[in-house]
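Dear colleague,

I am handing over the structure below, followed by notes on what was found in it. Please look through it before reading on.

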Amino acid sequence: MLLKLENLLLEVSKSDRIDLGDMREAEELILQSLLKGLSIERAGIWMRDEYLDGIRCTLLIDLHQQARYEDLLLTRSQYPKYFSALDEERCISAEDAVTHPATAEFADGYLVPLGIASLLDMPIRHRGKMVGIVCCEHIGQPKRWSEDEMSFAAAMADLVGRAISAKERNDYARQLELTNQSLESLVKQRTASLEKTLVSLKQAQQQLVENEKMASLGSLVSGVAHEVNTPLGVAVTAASHCQLQLQELRHEVEDNKLTRSKLDSKLSSMDESLHLINQNLARAAELIQNFKKTAVDQHNLALTEFELGEYVGVVMSSLVPILKTKHIAFELLNPVSIRMCSYPGALAQVLTNLVNNASQHAFDANTDNVIQIQLLPRGEKEVELCFNDNGKGMPEEVVKKIFEPFFTTKRGQGGSGLGLSICYNLVTAKLKGQMAVESTLGKGTLFRLTLPLRVE
């Protein structure tokens, strides 16, 4: 290739205008370089129009008439022979364009009126496919296109393909940026929506947990009320009997009919009644005191030092009304003295929920039901509390899900599925311990609570 053309091609190929993605800038540079390098006065870039089966001019520069043209259209139906030549996707080099088989169709309407003698059309390729042509038009006498000129024009056509690739990259980048912006906006909206939903779920979860706690206390209140009614009823009956004996004694005195034997009998009967009153009122007071301590502890989760076996006994005595409804006997095994510094309120909640769970799920109506709690020291820092029942037991698939929130085998029968989940969370998070379960169908269930003796 001539040095002049090589230098011009190098200058154009190094220009950033080719790779900026602005097709108008790239087309302007390429066409001006073609006009200069080939010493011609007309040059244009035509791109395929697949829809109309033609080629459409994106830019044509005419130095002879000092004009520019855009959006010109040539179709296959107008110039079938020319498009047949384009279909071969090769260079069309017409020294005499008026007579050349591929370009003769343009003679009367285009070539002769404009004085165009010679044409050189080079295919523009993009991704291996011809997408258009670079058309070089010489005005004046017929011009023989040299090999160097054709190589130069072909290289310029390739630069058009490079500019198209740059434009696509820029378009993709802009589209990606818009998509990212849209996605960021969507993510922000979704995040805000999820955060709002999460807050609502946390509030609902907290409310459900509180409801479960209140349900446990509700069971206690109902059971204690029923249990306290018995000694109170006996005390009221004994007081009424004592009052009746006193009235009879007064009448005997007023009528001067009181004998020594009647006095002794009345006093003995009244003494028995008063003893019965004291005994039953003491029992009621003990029940209420234990219930009060348990209920207050469950709402006051303060770090306290206490004796474990004694506290378990107090909590379980407040749960006797619940146990009686299912005829469940309670045994505290190995009541060794174990001092703890922990959260007795949390432990009371755990035991209450375990008793409620056992009374609802573990036992049938007419069996010898027993719940046992055993305290086993584990070195100097831990204690194991074993809560065991001799109930129906659970299958393996139930045991695997037993601590999951809202899992229950009695959906629609009053079971919320939160009792054991609350137990697990209290043991692991509040009491800093571990909780495990073992169960055998027909033999019962064992809950193991491994607790530190001191919670820091």
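In the hairpin of E13 and E14, 3 residues lie between the strands, and glycine 442 takes a positive phi near 80 degrees. The labels follow DSSP runs numbered from the N terminus, with helices being H or I of at least four residues and strands E of at least two.

This is a predicted model, in which local features need pLDDT of at least 70 and side-chain atom pairs count only at pLDDT 80 or more, while totals for chains, interfaces and linings use all residues. Residues are numbered from 1 along each chain as its sequence is written, and side-chain values use heavy atoms, with hydrogens and water left out.

E13 and E14 pair in the antiparallel sense over 7 bridges; two strands pair if DSSP finds at least two bridges between them. Glutamate 438 stands opposite leucine 446 in E14.

Strand E11 (residues 369–378) and strand E12 (residues 382–389) are antiparallel over 8 bridges, and leucine 375 has leucine 385 in E12 as its bridge partner.

Helix H1 (residues 3–14) packs against helix H2 (residues 23–38) at about 170 degrees, with the axes 11 Å apart. H1 and H2 are therefore roughly antiparallel, the term for angles over 145 degrees. Lys4, Leu5, Leu8 and Val12 of H1 make the contact with Leu29, Ile30, Ser33, Lys36 and Gly37 of H2 (contact means heavy atoms within 4.5 Å). These residues divide into 5 nonpolar, 2 polar and 2 charged (Ala, Val, Leu, Ile, Met, Phe, Trp, Tyr, Cys and Pro count as nonpolar, Asp, Glu, Lys and Arg as charged, and the others, Gly among them, as polar).

Regards

Terms used:
Axes are lines fitted to C-alpha atoms, for helices over the stretch in contact, and angles run from 0 to 180 degrees between N-to-C directions. Angles under 35 degrees count as roughly parallel, over 145 as roughly antiparallel, 65 to 115 as roughly perpendicular and the rest as oblique.
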